[in-house]
Amino acid sequence: MSDTLGFVGLGRMGALMSKRLLDAGHRVVGCDVTPEAVAAFEANGGTAAADAAAVARQADVVFLSLPSPPIVGEVAAAIAGAGGTVRSVVDVSTTGPSVAKRAAAALGEQGIHWFDCPVSGGLKGAREGTLACMVSGPKADYERIDELLACFGKRFYVGDGAGLAQVAKLANNMLAAAAMVVSSEAMVMGVKAGIDPHVLLDIFNASTGRNSATEDKFPRSVLPGTFDFGFHTGLSYKDVRLCIDEAEAMGVPMIAGAVVRQILAATNAKYGPTSDFTSIVKITEDWAGVEVRG
Ligand code: NAD
């Protein structure tokens, strides 16, 4: 077995996660279509390869951290056609169960195991190795993957079926986005009435309204006005769209989720896909004519 790991997609999450593998002493071969991302990876001690197929020819386990389902599909197809030493592909992106099932089938024909392993915990969790890693894939081959995932954080094995962990992750991200949307409305209302936003957050966080937005996103990125939580609006919009589309395909209506989707559509249209997703609050702020700042 090769002792070399592969990493395709060295963006904000991929840079930090590949660094944790490098810091643990693994040799990591990586690629990205953005030259700056490759340069940063090399500065961390990584070895650059031309593309995903070149990565797959050198590594036994290849991680993917990519922005969308079509790109995951293309990269999985390139790896399936590459030959070489790769035995397992672990997708740490959030790209939904449909592409996970297709990629698992294409790679399975070449005897390559597919694990979907979407993660939660943001850039901070990726940097510190405290991510929640939701994993689905063949149990019989999971031991080696679990050892490697220990570099990233806590593992939750969901089951054998390709895409199961992606369902768990989409459901989580829908909840996180919904918390941001509804907390924004509650905060804007309180501030417009004249309540100090710090006092209002303290009340929520000691009461039944507390959630991931009131405990973390508002104090860290909204009240200081930094909007630097580290998760792009475009990615959150993609996750919520995927969640609703997959739920609909399963016969599960998501009516409240559809409202969250439209608020993200508005945030994406007004502030752009690379804005921080805490910019959601600015939509309600604009409508109400107040700002929630410390
Ligand atoms: P990012 O846009 O910073 O990184 C994606 C990288 O993939 C980019 O560097 C891009 O150049 C590269 N890429 C695109 N096409 C490629 C290809 N064909 N071959 C090689 N590289 C390619 O995004 P990110 O924030 O790092 O997120 C990556 C994934 O992780 C997404 O699916 C996202 O939903 C998920 N995620 C992000 C966070 C977060 O807080 N940022 C948290 C959990 C999960």
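Guide: Start with E128 and K124. Their side chains meet in a salt bridge, with N and O 3.6 Å apart. Keep in mind that this is a predicted model. Both residues lie in helix α6, which covers residues 122-128. They are 4 residues apart, about one turn of the helix. How buried or exposed are the two partners? E128 has a relative accessible area of 44%. That value lies between 20% and 50%, so E128 counts as partly exposed. K124 also comes out at 44% relative accessibility, so K124 is partly exposed.

Now look at another pair, K19 and D23. This salt bridge has its closest N and O atoms 2.9 Å apart. K19 and D23 sit in helix α1, residues 12-23. They are 4 residues apart, so about one helical turn separates them. K19 is partly exposed, at 33% relative accessibility. D23 reaches 53%, which is over the 50% mark, so D23 counts as exposed.

R293 has 22% relative accessibility and counts as partly exposed. E285 has 4%, which is under 20%, so E285 is buried. E285, E291 and R293 are linked in a network of salt bridges. How many salt bridges does a search of the whole structure find? The search finds 10.

Take some contacts in turn. A polar side-chain atom of T34 lies 2.8 Å from an oxygen atom of the ligand. With L66, a polar backbone atom is 2.8 Å from a ligand oxygen. With T94, a backbone N or O atom lies 3.0 Å from an oxygen atom of the ligand. How much of the ligand does the protein bury? Taken alone, the ligand exposes 830 Å², and the protein buries 87% of that.

G9 and D32 are 23 residues apart in sequence. In space, their C-alpha atoms are 5.0 Å apart. G9 lies in the loop between β1 (4-8) and α1. G9 has a relative accessible area of 4%, so G9 is buried.

Next, move along the chain. UniProt lists residues 163-283 for "domain: 3-hydroxyisobutyrate dehydrogenase-like NAD-binding", in an unreviewed entry. Over residues 163-283, the chain is 73% helix and 0% strand. The end C-alpha atoms of that stretch are 33 Å apart.

Helix α9 covers residues 197-205, and V199 lies in it. V199 has 41% relative accessibility and counts as partly exposed. I195, V199 and I203 form a nonpolar patch on the surface. Together they have about 230 Å² of accessible area.

T214 is found in helix α10. T214 is buried, with a relative accessible area of 1%. What does the side chain of T214 meet? A polar contact of 2.7 Å joins the side chains of T214 and N205. The backbone nitrogen of N211 lies 2.9 Å from a polar atom of the T214 side chain.

Finish in the loop between α10 (212-222) and α11 (233-249), where F227 lies. F227 has a positive phi of about 45°, although it is not a glycine. F227 has 14% relative accessibility, which is under 20%, so F227 counts as buried.

Key
Residues numbered from 1 in each chain as written. Predicted model: local features only at pLDDT ≥ 70, side-chain atom pairs only at ≥ 80, totals over all residues. Heavy atoms only, no water. Helix = DSSP H or I, 4+ residues; strand = E, 2+ residues; numbered from the N terminus. Buried < 20%, exposed > 50% of the residue type's maximum accessible area, 1.4 Å probe, protein only. Salt bridge = Lys/Arg side-chain N within 4 Å of Asp/Glu carboxyl O. UniProt positions renumbered as here; feature names shortened; annotations may be inferred. Patch = residues over 30% accessible without salt bridge, like charges linked within 9 Å, V, L, I, M, F, W, Y side chains within 5 Å. Areas by Shrake-Rupley, 256 points an atom, 1.4 Å probe, with all protein chains shown as cover. Polar contact = N/O pair within 3.5 Å; in protein donor to acceptor, adjacent residues only side chain to side chain.
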